[in-house]
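Please keep the sequence and the structure in view while reading.

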Amino acid sequence: QVQLVESGGGLVQPGGSLRLSCAASASSSTTIYTMGWYRQAPGNQRELVASITSGGTTNYADFVKGRFTISRDNAKNTVYLQMNSLKPEDTAVYYCNAGAGTPYYRRSYWGQGTQVTVSS
């Protein structure tokens with residue numbers, strides 16, 4: 001079992017910055033593989049924002065390239081999303097995601113979500 005706890009959301013003006021954090025807790029027999037951030041705005045489907053493998057390989061959605069940076073601390077099982085140059089269209093609930101398990105079984109886990117609102 002894996003639990004994901006997000007923090008760092010809030011209200012920010014256009015052009016501002018926020019940093020999201022997601023801490024994963026897991027049993028010693030569980031390995032956390034790829035971690036990522038998704039977002040969902042009202043009326044829209046949940047979409048990938050960025051992901052990072054345990055080896056540090058990153059993947060970004062085109063709409064955040066050059067503005068957002070994903071990173072992780074494997075020792076702390078924590079993933080971060082640094083969001084700069086925020087736009088009103090970045091307003092959404094941001095969800096942390098982690099693929100975790102054993103070499104024989106993996107599943108996807110989700111956090112509870114954190115609201116990001118970009119507005120003047």
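## The disulfide

Cys22 and Cys96 are both buried. In this predicted model, the two residues form a disulfide, with 2.1 Å between their sulfur atoms. A search of the whole structure finds one disulfide. The bond joins distant parts of the chain: Cys22 belongs to strand β3 (residues 18-26) and Cys96 to strand β9 (residues 92-102), 74 residues apart.

What is the handedness of the disulfide between Cys22 and Cys96? The torsion about the S-S bond is about -85°, so the disulfide is left-handed.

## Overall build

The protein has 11 strands and zero helices. From the N terminus on, its elements therefore read as β-β-β-β-β-β-β-β-β-β-β. The radius of gyration is 14 Å, close to the 14 Å that the globule rule gives for 120 residues, so the protein is as compact as a globular protein of that length.

Along the principal axes, the C-alpha trace spans about 45 × 25 × 20 Å. Of the 120 residues, 41% count as buried. Among contacts between residues at least 6 apart in sequence, 54% join residues at least 24 apart.

## The four-stranded sheet

Four strands make an open sheet in the order β1-β3-β8-β7, and their pairing is antiparallel. β1 (2-7) and β7 (68-73) are at the edges; each has a single partner strand, so one side of each is left without a neighbour in the sheet. From one strand to the next, the twist averages 15°.

Six bridges connect β7 and strand β8 (residues 78-83), which pair in the antiparallel sense. Within this part of the sheet, Ser71 stands opposite Tyr80 in β8.

## The nonpolar core

The largest nonpolar core has 30 residues. Which of them have the most contacts inside the core? They are Trp37, Leu81, Met83 and Tyr94. The elements that give two or more residues to this core are β1, β3, β4 (31-40), β5 (47-52), β7, β8, β9 and β11 (114-118). β9 supplies the largest share, five residues.

Met83 can be followed through its contacts. Not counting residues up to four places away in sequence, Met83 touches Gly16, Ser17, Leu18, Leu20, Arg67, Phe68, Tyr94 and Val116. One of these, Tyr94, is also among the residues with the most contacts inside the core.

Ser21 and Ser25 can be taken together. Ser21 lies in strand β3, and Ser25 is found in strand β3 as well. Is each of them buried or partly exposed? Ser21 has a relative accessible area of 17%, under the 20% cut-off, so Ser21 is buried. Ser25 has a relative accessibility of 38%, so Ser25 counts as partly exposed.

Leaving aside neighbours within four places in sequence, Ser21 is in contact with Val5, Glu6, Ser7, Trp37, Val79 and Tyr80. While Tyr80 is a contact of Ser21, Ser25 and Tyr80 are 15 Å apart in space, C-alpha to C-alpha, and 55 residues apart in sequence.

## Loop residues with positive phi

Asn77 is not a glycine, although its phi is positive, about 50°. Asn77 is found in the loop between β7 and β8. The relative accessibility of Asn77 is 26%, so the residue counts as partly exposed.

Ser85 also has a positive phi of about 50° and is not a glycine. Where does Ser85 lie? Its place is the loop between β8 and β9. Ser85 has a relative accessible area of 41%, which means that the residue is partly exposed.

Conventions
Residues are numbered from 1 along each chain as its sequence is written. This is a predicted model: local features need pLDDT of at least 70, side-chain atom pairs count only at pLDDT 80 or more; totals for chains, interfaces and linings use all residues. Side-chain values use heavy atoms; hydrogens and water are left out. Two strands pair if DSSP finds at least two bridges between them. Axes are lines fitted to C-alpha atoms, for helices over the stretch in contact, and angles run from 0 to 180 degrees between N-to-C directions. A disulfide is a pair of cysteine sulfur atoms within 2.5 Å. Buried means under 20% relative accessible area, exposed over 50%, partly exposed in between (1.4 Å probe, protein chains only). A nonpolar core is a set of buried Ala, Val, Leu, Ile, Met, Phe, Trp, Tyr and Cys residues joined through side-chain atoms within 4.5 Å. Contact means heavy atoms within 4.5 Å. The radius of gyration is taken over C-alpha atoms; the globule rule is 2.2 Å times the number of residues to the power 0.38.
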